[in-house]
Amino acid sequence: MNDINVASKVLFEIDKNIDDLVKKVELLSYVNPLNIEQEKQKFFQSKYLTDPKFTYPTIDFDRFRLHRELFSQPIERIENEYTRALYEDIIYAYSGLIQCIETIGTTHKFYYNSLHSFGTPTEQDVENAKFILHFDEEDENDAQFQPKYSATETEVLFREYSKQYDFSYQIKFSKDMSAIAMVLNNIKTLVINEKHTFSDNEIAVLTNHEIGVHMVTTMNGLLHPLKIFSNGFPNYEETQEGLAVFSEYMSNNLTVKRLKELAYRVIAVDSLAKGYSFSKTFRLFVNTYDLDRETAFNISTRAHRGGGFTKDYLYLTGLKKVYDYYKSGKDMKPLLRGKIALDYLDSIESLAKNGCAVDSKHITDSYMQNNNTNKTVDFILENLK
C-alpha cells in the first residue's frame, strides 16, 4: 500500500470494515431450501395443488449488528466524491441483502426485499422471453443432452478443465440445491448437486459458466487492494450472470434450449409480480408451455424459494447487455476484474488510476475467440430489445 497516498487510507479502512462485516452475506447459502426433494414428492402427490413448505439454513450472524455497523462507517471522510457515492451505494446494497436473508421464508417480506435488491422484469423483458420461446430448440434426444456423468465424474471433468487457470478452489457436493452447480464466492468453492447426472452439454456449459467466469472473477477480485472487488459491487449479479452465459455463447455451447430455460426464468419471476402462488406458476409451465413436471418444478422453485426470489430474470437481461458490449468492440478484460457491475466501470477506472484497482490476471478462456456457430442463437441475441 506504499504507492497509495495517505488520503486514501480512510477508504481502505472503511473497505476493510465492510469486508469484515459482509463475509457471511452470501445469499445463495441461505436461500436454497433444505428439503426440495421431500417437498417435491408431496407436491406431486397433491396433484400440484398444495404449495411446498420449504425450510432453510439457520442464519449464523447478528443481523441487527451488521446493519448498525454498516451504517456507522464514516464515508463522509472519503475525499473523492465519486468513490464516496460508490461506497454509499455499497452500504445500501449490502443492507438490502441482509434484509433479504433475515426475511427468508416470510413470503411477502422476502419478496419485497428481493424486489428492492434485484428488481423485477419489465414488460419488454417478458416480451423478449416470449420472443425466444417461438424458436424450435435442439432435439432433446441428441447425444449431447443425454445424462452421462455422476457428480464424482463431473468433479474430475471440472478439475481437468480448470488446469488452464492458475488458481485452486474447493469442490463440495450437496443434496439440497435448486441449481445443478454453483460457485460460493466467499469461500472459493464450487458446489455440485450430487443427485444430478450430467450431460456433455451441461459439462460444457457449467465449466465455462461456473469456472470460466464465476471462479475467474472470484480469484481476480481477491487480487485488488480493495475488498469490494471480491465481495461484489452493487447490482453486480446482472453483469456477472450475463458474463457467465456469454462465455457459453463464445465457447459455442449456448443453445436455443438453454436460452429458453433463461426465458422461462423471466416468466417465472414475472409470475411473482402477478401474485401467482407456487402451484399456479407450476401449472402455467405445464399447461401453457407444455413443460414436463420436473422442469416446471425446478424453475418454479428457483423463483419461489425464500418467498419470491426475483434474481433469476437477470440472466437474460445481463446476457443482452454483455453481448451488446462485446459487439460494440469494447475490451472484455475490465469486466473480469472481480464482482463488478457495468454501471460502475467509470468508478472502477478512477480507482485504478489511484492505485486502488488492478488489471485482470485471469482471463476467461472462451473470450479469446468467438467460436459460436449457432446462427439461430446469434439471430435471437441480435433481436432482443
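Cys 100 is buried, with a relative accessible area of 0%. Buried means under 20% relative accessible area, exposed over 50% and partly exposed in between, using a 1.4 Å probe and protein chains only. Cys 356 is buried too, at 2%. A search of the whole structure finds zero disulfides, a disulfide being a pair of cysteine sulfur atoms within 2.5 Å.

This is a predicted model, in which local features need pLDDT of at least 70, side-chain atom pairs count only at pLDDT 80 or more, and totals for chains, interfaces and linings use all residues. Residues are numbered from 1 along each chain as its sequence is written, and side-chain values use heavy atoms, with hydrogens and water left out.

**Confidence**
- The mean pLDDT of the protein is 93; pLDDT is the predictor's confidence in each residue, from 0 to 100.
- 98% of the residues reach 70 or more.
- Confidence is lowest in helix H2 (residues 27–31), at a mean of 85, and highest in helix H7 (residues 123–132), at 98.
- Helices (H or I, at least four residues) and strands (E, at least two) are DSSP runs, numbered from the N terminus.

**Helix H1**
- Helix H1 covers residues 9–22, and its end C-alpha atoms are 20 Å apart.

**Lys 260**
- Lys 260 sits in helix H12 (residues 256–273).
- At 9% relative accessibility, Lys 260 counts as buried.
- Beyond its neighbours within four places in sequence, Lys 260 is in contact with Ile 132, Leu 133, Phe 135, Asp 136 and Glu 137; contact means heavy atoms within 4.5 Å.

**The sheet**
- Three strands form an open, mixed sheet in the order S1-S3-S2; two strands pair if DSSP finds at least two bridges between them.
- Strand S1 (170–174) and strand S2 (181–184) are the edges, each pairing on one side only.
- S2 and strand S3 (residues 189–193) run antiparallel, joined by four bridges.
- Leu 184 stands opposite Thr 189 in S3.
- Helix H8 (residues 151–162) lies across S1 and S3, at about 160 degrees to S1.
- Angles run from 0 to 180 degrees between N-to-C directions, with axes fitted to C-alpha atoms, for helices over the stretch in contact.

Conventions. The expected span of a helix is 1.5 Å times one less than its number of residues.
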